[in-house]
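Look at the structure below and follow the chain slowly from one part to the next. The paragraphs after it go from the overall division down to single elements.

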Amino acid sequence: MSQSASADGDGRHRQSGDPQVPGSPRGPVVRTVALRKEYGRRVALHELTLEVGRGEVFGFLGPNGAGKTTAVKVLTGLVRPTSGTAEVLGRPAGDSEVRRAVGYLPEHFRFQEWATAEDLLHFHGRLAGMPAAARRSRIPEVLELVGLSGRGGDRIKRYSKGMTQRIGLALALLARPELVLLDEPTSALDPVGRRDVRLIVRALAGGGVTVFLNSHLLSEVEAVCDRVAVVDRGRVVASGRLGDLVGPVAQLRIAVDRVDRELLSAVAAHGEVTEVEGTTVTLAVDQLDVGPAVAELVIARGYRLYGLIPVTASLEDVFVRLVGGETAPPDGRPPAPGAVTGPARGGGSRAEVAS
Amino acid sequence: MTGALTVARWTLKEAGRRRLLLAAAIASAAFVALFALAFSFLYGKAKQADDTSGLLTLFAVVSQTVLGLYAVQFLGAFLALFLSVGSISADADSGALHAMLARPIRRSAFLAGRWLGYAGLLTAYIVAMSVALFAVAGIIAGYHPIDPLRTVLLLVLESLLLLSVGMFGSTVLPTLANGVVLFGLFGLAWLAGVVEFIGNVLRNDPMVNLGVGVSLAFPSDALWRGASYFAQSPAFISDTTAGGGGIPFFGTAAPAGPMLAWAIAYPLLFLAAGLLAFRRKDL
């Protein structure tokens, strides 16, 4: 499946007869300005302003109920904004021409269970204006892409939840979209399925397709996204390149047999002690390459060194700091103990954020 | 237009796959067979009786035929109700609607396609059933109603009216609430038809006005009365209505022109309202 995912690198290569898509190739693929949506008295989106460039994998990250789904629905034209503007490919969101060029995976869906996957794909292909020949060649491709080759004739009723989600993904990719909106695409998938989705997303981006990914799963966003906007209660609370968001803060976690004043003053020569928990000292450093020097120093003073773990702040730290209700220290250091478990980056960041 | 046809085809495919067509065909065949059996039995009994005037036979034939159509009317109405109440809301609940409407299809085309698919099913069902019933009565008893074509047209119109109102409701109400409202209106119109009939018998104007008022508000029963009028024979009608009476569930006169015009405009208005409501709806 991963091989076939990269085979879609020509996703931008449109077949003759496919609808031509408007929009300048230079401008942003998604652009919203002060987008606001109210449902009665509840405000789902406050002044949402963001831009997504061509070929980007954009992560829209936030807890449940933050307004992510509403934002995507505005971009597909399913929901009308109360105020503000939303443009996709240089045209108003929801415009019929725009919808030709957008693939969408809704968050919660139960597709028509009486249909087979191929029925559903043909139907959606027709709705998308794909001629019969294009559908016949494209449908096996997308089934292969999502790992459902040979299962296209099965009724959706017999599909597992994960397979249904794969069909949703196949539908989103069917009409060779320029922009793919994925709303929580891996919520029903097992780890293998999640990895498959990551590979597909990466392959799409490689082919110049823009991906807008809604997620409350930090690991997912961290693994595939170039750029992230963190949204909470309808507002973007932070956005930027992942590296910029995660920040330069590096730490060494030093596990020793005992901690005393002497040790602390010794290691302070290489950085700032930010936390002491039991016999583990956390040292904020400018560069992680001071590690060997710290190790030599600790051993030379007669301490037993059990571990020396380099840590960079994870997106989870940033996320919890931004939306978790914890007040971040003003100096941008990681939050106080208890706010974050502080795992090594990539190690324990598959946490779900509580809503 | 192609979008609407795609959706209509999909709607028919769904009816086939969910065995709606099969179930309807089996139930209809059983219904027609039972009707034929009962009809021939009763017709034979009436012929054997001492019926020099032929009135008893006439009564047996006409009342059997119209009662059979009455049942078809209810079946068609319920089919229209079941098909329409969740026609939009059920797909909205499952999220399938979101995926479909994110495609470059106009919402009006989607709604029109759904309507066309259901309307085709209902029309086929009602035409097949009523033609079968008229054929049974014609073959066994040589029965000639006033105008069987108008009967069928009015029955179809009634089911399309229910379909259109139900689809409008489905764009603004959850499935269950829509079903409750629609079923209530249908029952109310039926009751009002009976009230109007009794009002006429008793020459009670308020009762008649109440019945007419409800018929204007929801003309399903008025259409049935029109359809049933054309399914009777002139002799039967003049006979049963001679003393100012009649059969409370059968029409005794051709539908008035204005009422007919209203009953044609009515589903169109609801369809238009449904299109407007659906176009503006946040999904």
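Into which domains is chain A divided? Domain 1 covers 2-244 and domain 2 covers 250-312. The C-alpha centres of these two domains of chain A lie 45 Å apart.

Keep in mind that this is a predicted model. Its scores are ipTM 0.88 and pTM 0.81. For chain B, the average pLDDT is 91, and 100% of the residues score at least 70. Where pLDDT is low, predicted coordinates should not be read in detail.

Some totals describe chain A as a whole. Its secondary structure consists of 12 helices and 14 strands. Of the 355 residues in chain A, 44% are buried. Among contacts in chain A with a separation of 6 or more, 70% are between residues 24 or more positions apart.

Now turn to a sheet in chain A. Six strands make up this open sheet, and their order is β6-β7-β8-β3-β9-β10. The pairing is mixed. Strands of a sheet pair through backbone hydrogen bonds, and the pairing can be parallel or antiparallel. At the edges stand β6 (102-105) and β10 (235-241) of chain A; each has a single partner strand, so one side of each has no neighbour in the sheet. From one strand to the next, the twist averages 15°.

One pair within the sheet can be followed in detail. Strand β3 of chain A, residues 57-61, and strand β9 of chain A, residues 227-232, are paired in the parallel sense over 4 bridges. One bridge joins Phe58(A) to its partner Arg227(A) in β9(A).

Which helix packs on the sheet and touches β3, β7 and β8 of chain A? This is helix α7 of chain A, residues 191-206, and its direction makes about 150° with that of β8(A). Helix α2 of chain A, residues 68-76, lies across β3, β6, β7 (179-183), β8 (210-215) and β9 of chain A. The direction of α2(A) is at about 150° to β7(A).

How many of its 10 residues are buried? The count is 1, and helix α11(A) is hardly covered. A residue counts as buried if 20 or more other C-beta atoms lie within 10 Å of its own. After α11(A) comes Gly302(A), which has a positive phi, near 90°.

Terms used:
Residues numbered from 1 in each chain as written. Chains lettered and ligands numbered in written order. Predicted model: local features only at pLDDT ≥ 70, side-chain atom pairs only at ≥ 80, totals over all residues. pLDDT = per-residue confidence, 0-100. Pairing = 2+ DSSP bridges. Helix = DSSP H or I, 4+ residues; strand = E, 2+ residues; numbered from the N terminus. Axes fitted to C-alpha atoms, helices over the stretch in contact; angles between N-to-C directions. Contact = placed C-beta atoms within 7 Å. Domains from an automatic or database assignment. Buried ≥ 20, exposed ≤ 12 C-beta atoms within 10 Å, placed from the backbone.
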